[in-house]
Amino acid sequence: SAQAFSGLIFRRASCLLRYPPCGIASVYCAMAAPTLFQVALCIVALSHFQKSSALRSTVSDAPIGFDDARQMPTRIRDARKATIPEGANISVGFEFECANKKFFLKEFLPPKWPNCPAVEFPLDGASKTNPEDLLVEVFQIPLHSNQLNMSMFDMPKAVRNIVWTKDAFSSNHGPECLLSDLPVQLLNKVPNRGMVRGDVVHNNGRCDCGYTLEYKTLPVHTADDIREAMIGGALVMKQASKKGAAGFVNWNVETLFEMEDSSERCTGATHVTKAFVVNKVSLIDMLRQQMFGYCAKKWSKEMSGNKVFRTSFAEAYMLWRAMSYCNGEKDCEQRLTLSEMCLKVWPDTGAAQADIDVNLFGGQAEKASILEDIFHAMGGENKTDQRFSEWSKGGVCSPAWAVWEMCEVGGQMANEASTSLDHIVASDPDLGFGGEEAGWYYGPGGGRGDTTTKVGAMLSADGRIVYGLAEYRKDPWNTISFRQCLYGSLRNVRSFEDGSGAELVMRCWLLRGQRMHSRRKSVYEL
């Protein structure tokens with residue numbers, strides 16, 4: 001019965017409060033006076049943490065953030081905007097598709113732009129829009145303008161954490177996207193590129209940009225924000241399901257985007273991304289997936305197992321290593337930068353691998369078991385033209401190569417942009433995944449096409465914990481129950497503020513959670 005299930009939840013919560021598991025969930029579960037929704041999340045988290053705690057017990061390194069001697073150096077920390085706010089203990093984001101819906105920019109692609117932009121517009125009208133020059137150059141809306149702030153429109157508050165984005169680019173750039181001085185038959189319409197002839201891009205300023213619709217959330221850090229974002233997701237999909245101009249009336253997105261004339265209800269999939277603590281266990285897990293699975297074996301994201309890491313091993317390792325480099329020396333903690341570490345610690349692939357050997361691997365046996373798998377997956381000596389002993393010092397698809405390459409490429413980008421490597425690494429999460437070609441790419445497909453969104457590492461408010469982000473693709477709750485909540489149970493929600501939405505999402509969450517808790521397998525989650 002509902003009463004019995006409720007009693008079970010609170011008895012389990014009492015146990016959690018006295019004996020919390022390690023990691024984010026322990027802090028989250030220990031919040032004072034948890035709501036029923038928060039306690040339900042704790043129980044979900046516990047099944048993950050029981051296995052991960054057992055795995056950690058075999059590793060000498062405790063999770064980053066629980067050793068008072070470790071602290072992110074000031075200059076590296078100041079460059080990072082992605083942090084978990086003080087007082088918050090979780091970080092969750094989710095994506096949900098309207099795969100049967102298309103939208104277009106209301107302005108033509110500017111003539112000097114060779115590509116249609118990968119649009120990301122937060123509906124609050126205040127958070128950062130990607131690309132940064134989208135509003136200024138495409139829509140002539142001044143930078144830092146208050147023109148699109150949602151408070152100026154008739155929009156429900158619950159959509160404040162929702163981001164309007166794209167799932168895929170359209171290959172149709174419109175009938176006016178032509179050049180009168182070139183024969184039409186010599187031109188190709190290439191998705192995401194406007195009009196091209198060979199390698200030359202021809203944009204006559206009359207090219208449309210069309211996309212398949214998708215939404216995602218800004219990172220949310222409290223149970224109330226997760227609950228509100230679920231209501232917000234249902235509300236935006238309700239508007240997107242209306243025909244043409246009937247949806248999003250007096251919303252800020254009405255200024256920017258035009259919906260295709262279709263009254264079908266949104267359909268698609270959901271993807272849930274959650275934070276995990278960066279430590280030796282998670283780094284080795286990331287290394288195996290990105291170097292062995294993606295770079296060497298060319299796995300697609302569908303072959304990635306329970307999760308897809310959206311933060312690169314290279315970025316996570318560099319930050320993790322920076323936290324222990326100074327060993328408590330205050331002057332070092334004040335001045336250290338990633339550029340200095342690249343010069344002193346990772347000046348070449350051999351030095352980078354030696355650093356990884358000492359700080360990440362628990363001896364030569366562990367190093368050999370991991371790196372030999374990568375080496376043989378690439379074809380061994382027959383295809384690499386190297387012996388293992390040579391390749392393991394920094395060959396293609398090795399972790400050392402990824403770290404060194406991030407130093408080299410990131411350093412060049414920093415010089416060109418007249419900024420620091422710390423800012424480049426913090427602002428470009430794709431950088432740590434390498435170049436998109438076979439043998440040099442550490443994302444899904446290994447250079448055969450990758451559409452996954454990359455996310456940079458995050459820091460705790462006190463700078464003592466590094467978090468990465470992973471998408472849990474095979475988790476039944478994330479892929480089935482959550483989708484049924486968002487696309488089904490919440491379909492007719494009216495608002496969050498009047499209480500009806502909160503009641504619906506609570507009921508949906510608990511019912512789906514009960515089914516999920518009794519069915520799903522325990523998976524490794526940090």
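Visitor: Which residues lie nearest the centre of the second largest pocket?
Guide: Ala126, Ser127, Leu135, Leu143 and His144, out of 17 lining residues. A pocket here is an open set of points on a 1 Å grid where a 1.4 Å probe fits, with protein on both sides within 12 Å along at least five of seven lines, and lining residues have an atom within 4 Å of a point. This is a predicted model, where local features need pLDDT of at least 70 and side-chain atom pairs 80 or more, while totals for chains, interfaces and linings use all residues. Residues are numbered from 1 along each chain as its sequence is written, and side-chain values use heavy atoms, without hydrogens or water.

Visitor: What does the protein average in pLDDT?
Guide: The average is 78, and 75% of the residues score at least 70. pLDDT is the predictor's confidence in each residue, from 0 to 100.

Visitor: Where is confidence lowest, and where highest?
Guide: Helix α2 (residues 24-29) is lowest, with a mean of 32, and helix α10 (residues 338-344) is highest, at 97. Helices (H or I, at least four residues) and strands (E, at least two) are DSSP runs, numbered from the N terminus.

Visitor: Over which residues does pLDDT stay under 50?
Guide: Residues 1-68 are one such stretch, and residues 514-526 are another. Where pLDDT is low, the predicted coordinates should not be read in detail.

Visitor: How many bridges join β10 to β13?
Guide: Five, with β10 (residues 270-277) running antiparallel to β13. Phe276 stands opposite Gly468 there. Two strands pair if DSSP finds at least two bridges between them.

Visitor: And how many join β11 to β13?
Guide: Two, again antiparallel, with β11 covering residues 308-309. Phe309 has Ala470 as its bridge partner.

Visitor: In which sense do β12 and β13 pair?
Guide: Antiparallel, over two bridges, β12 being residues 458-460. Leu459 is partnered with Val466.

Visitor: How many residues sit between the strands in that hairpin?
Guide: Five residues separate β12 and β13, and Gly463 takes a positive phi near 75 degrees in this hairpin.

Technical notes: Contact = heavy atoms within 4.5 Å.
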